[in-house]
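Hi,

Here is the structure I promised to pass on.

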Amino acid sequence: MKRILRGRLLAVVLAFSMTVPVLADVAETVEKYRTSFEKRMNAELDEHGKAARDLRLNYLEALKKLKGELGRAENLKGATQVLAEIEMIEDGEESKELPADADFRFKRVREKWERGLAEIRSARSKKLKTTVELYLKALDTEKRRLTRAGEIKDALVIE
């Protein structure tokens, strides 16, 4: 979805940047909107990225603690599964489906992590959708303003 959105925005920006110099005011306005939009999107993505990194670190800490508990309880099979999970997460790989015989504590830690990731993704999608709507609304408002002022060519540039 990000690539499609970025592709469309890039097409819009390129279309605006290839206008004649007479339309410089409109191009500057659109460029200001685009810059503002990019700053806001980057800020929101950074916020959610930080939350995801923090969640990942908490997950790794919980796994390491669980590995120690399973080792002390002499549950070597469970400790091995947790150790494999730690290595996958540290290497940046996607976690695999848990085996059916995984320890209940391991399942609980994994469910908490997956639930946290789902919440972050949901919040990010909601914020991105709202930001895109605001950007498109601002462009539409500018287009309407230009149309009312009789500057049809400028309004078509924004369209």
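Asp101 is partly exposed, with a relative accessible area of 43%; here buried means under 20% relative accessible area, exposed means over 50%, and partly exposed is anything in between, using a 1.4 Å probe and protein chains only. The side chain of Asp101 meets that of Lys77 in a salt bridge, at 2.3 Å from N to O. Lys77 lies in helix α3 and Asp101 in the loop between α3 and α4, so this pair ties together parts that are 24 residues apart in sequence. Lys77 counts as exposed, at 53% relative accessibility.

Before I go on, two notes on how to read all this. This is a predicted model, so local features need pLDDT of at least 70 and side-chain atom pairs count only at pLDDT 80 or more, while totals for chains, interfaces and linings use all residues. Residues are numbered from 1 along each chain as its sequence is written, and side-chain values use heavy atoms, with hydrogens and water left out.

Now the overall picture. The protein chain has five helices and zero strands; both kinds of element are DSSP runs numbered from the N terminus, with helices being H or I of at least four residues and strands E of at least two. Buried residues make up 28% of the 159 residues in the chain.

Back to the charged pairs. A salt bridge here is a side-chain nitrogen of Lys or Arg within 4 Å of a carboxyl oxygen of Asp or Glu, and the count by this rule comes to seven.

- Lys127 and Glu47 meet through their side chains at 3.0 Å, N to O. Lys127 lies in helix α4 and Glu47 in helix α2, so the pair ties together parts that are 80 residues apart in sequence. Lys127 is partly exposed at 31% relative accessibility, and Glu47 is partly exposed too, at 43%.
- Lys64 and Glu90 meet at 3.4 Å, N to O. This pair links Lys64 in helix α2 with Glu90 in helix α3 (residues 76-90), 26 residues apart. Lys64 comes out as partly exposed at 44%, and so does Glu90 at 42%.

There is also a network: salt bridges that share partners join Glu85, Arg110 and Glu114.

Which residues of α3 are buried? They are Gly78, Ala79, Gln81, Val82, Glu85, Ile86, Met88 and Ile89.

Just after the helix, Gly92 takes a positive phi of about 85 degrees. Glu74, in the loop between α2 and α3, has a phi near 60 degrees, a positive value in a residue other than glycine. Most residues other than glycine have a negative phi. Glu74 counts as exposed, at 68% relative accessibility.

Next, the rings. Rings of Phe, Tyr and Trp (its six-membered ring) pair if their centres lie within 6.5 Å; planes under 30 degrees apart count as stacked, over 60 as edge-to-face and the rest as tilted. Searching the whole structure gives two aromatic pairs. One of them is Tyr59 with Trp113, stacked at 4.2 Å centre to centre with 5 degrees between the planes. Tyr59 lies in helix α2 (residues 24-72) and Trp113 in helix α4 (residues 104-148), so the pair ties together parts that are 54 residues apart in sequence. Both residues are buried.

Trp113 turns up again in the lining of the second largest pocket, as do Gly92 and Glu114. A pocket is an open set of points on a 1 Å grid over the protein atoms alone, where a 1.4 Å probe fits, with protein on both sides within 12 Å along at least five of seven lines; lining residues have an atom within 4 Å of a point. About 310 Å³ of space lies in this pocket, the volume being the space filled by probe spheres set on the points, which are joined across faces, edges and corners. α4 gives the most to the lining, with four residues. By class, the lining has four nonpolar, two polar and six charged residues (Ala, Val, Leu, Ile, Met, Phe, Trp, Tyr, Cys and Pro count as nonpolar, Asp, Glu, Lys and Arg as charged, and the others, Gly among them, as polar).

Cheers
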